[in-house]
Amino acid sequence: MLRLRSISQFYGDRQVLWNVDLELPHGSATGIIGQPGMGKTTLANCIMGHLPIGGGSMVWQQRGARAEDLQAQPAEARARLGISYLPQGCQLFSQLSVEENLLIALLAGQQAGHPVLPTLVSHLFPALWQRRHLRSGALPLALQQQLMLARALAPQPDLLIVDEPTAGMPSAQAEETGERLHQLNHEYGLTLLLIARHTAVIRRTANAFLLLHHGRNVAQGHVAELDSGAVDEWLAPG
Ligand SMILES: Nc1ncnc2c1ncn2[C@@H]1O[C@H](COP(=O)(O)OP(=O)(O)OP(=O)(O)O)[C@@H](O)[C@H]1O
């Protein structure tokens with residue numbers, strides 16, 4: 001469970017997040033939506049500890065563990081606490097094999113010292129697993145994108161944060177990615193936080209949404225409420 005209260009963030013003197021509240025219960029799937037430049041990625045970076053917060057609180061409770069102040073944990077500890085992040089524009093180690101890419105990710109997480117890849121990876125990505133000895137840079141793009149997701153899952157996180165998971169994908173592949181994320185949430189109980197400019201993948205995968213506009217949380221609720229038209233004006237360009 002992750003609970004953010006009144007998060008603010010500044011780049012220099014410029015404030016980009018204003019009193020953002022967000023609650024992610026175990027097993028939930030939440031989408032953060034908003035136009036470009038509204039603070040979605042900044043919020044993810046605050047959760048990961050890649051950016052300091054200017055104010056507010058972040059409480060994290062891993063399954064079966066005590067709640068703790070996330071701010072007290074350095075960025076490198078957050079993967080071991082069960083939080084994984086797949087940033088937009090993420091890169092593979094293209095000269096390394098599929099398996100080596102996965103093992104590196106594994107060592108960053110809570111399974112450090114026990115480099116055993118979870119069966120989840122082979123189950124969810126059989127075509128990728130069959131090619132685990134191949135150089136990752138030689139894979140077709142669709143499999144490279146699967147590998148990025150598989151890498152984020154290798155440490156067996158409780159919470160996966162994915163920034164623009166379907167950006168630039170052809171629609172069939174975007175649908176497939178949405179399906180995998182849905183499966184991870186429904187079958188494996190993974191808590192998801194999805195960031196997207198467009199709502200298609202959020203509608204497919206999430207049950208709750210939060211809408212950021214110029215760094216402020218202007219709407220949130222159940223994903224079914226996205227169909228009410230109430231959020232359209234916030235998402236319209238210009
Ligand atoms: N490193 C930085 N230094 C200064 N300003 C930044 C930095 N990164 C982002 N910003 C600014 O902060 C604001 C929020 O950016 P952010 O990337 O969080 O938005 P976003 O909603 O994720 O956008 P996108 O959908 O384009 O990724 C924008 O005005 C952006 O220009």
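Q156 sits in the loop between helix 6 and strand 7 (159-163); helices (H or I, at least four residues) and strands (E, at least two) are DSSP runs, numbered from the N terminus. This is a predicted model: local features need pLDDT of at least 70, side-chain atom pairs count only at pLDDT 80 or more, and totals for chains, interfaces and linings use all residues. Residues are numbered from 1 along each chain as its sequence is written.

**Positive phi**
- Most residues other than glycine have a negative phi.
- Q156 has a positive phi, near 55 degrees.
- Q156 counts as partly exposed because it has 17 C-beta neighbours inside 10 Å. (Buried takes 20 or more other C-beta atoms within 10 Å, exposed 12 or fewer, partly exposed in between; C-beta atoms are placed from the backbone.)
- H214 also shows a positive phi, near 45 degrees.
- The loop between strand 9 (208-213) and strand 10 (216-222) holds H214.
- H214 has 14 other C-beta atoms within 10 Å, so it is partly exposed.

**Nonpolar core**
- The largest nonpolar core contains 58 residues. (Such a core is a set of buried Ala, Val, Leu, Ile, Met, Phe, Trp, Tyr and Cys residues joined through C-beta atoms within 7 Å.)
- Helix 6 (residues 141-153) gives the most to this core: six residues.
- The core lies between domain 1 (1-82 + 171-238) and domain 2 (91-156), because both give residues to it. Domain bounds come from an automatic or database domain assignment.
- L43, A150, L160, I161, L192 and L194 have the most contacts inside the core.
- L192 touches A29, T30, L160, L181, L184, N185, T205 and A206, not counting residues up to four places away in sequence. (Contact means C-beta atoms, placed from the backbone, within 7 Å.)

Conventions:
Two residues are in contact if their C-beta atoms, placed from the backbone, lie within 7 Å.
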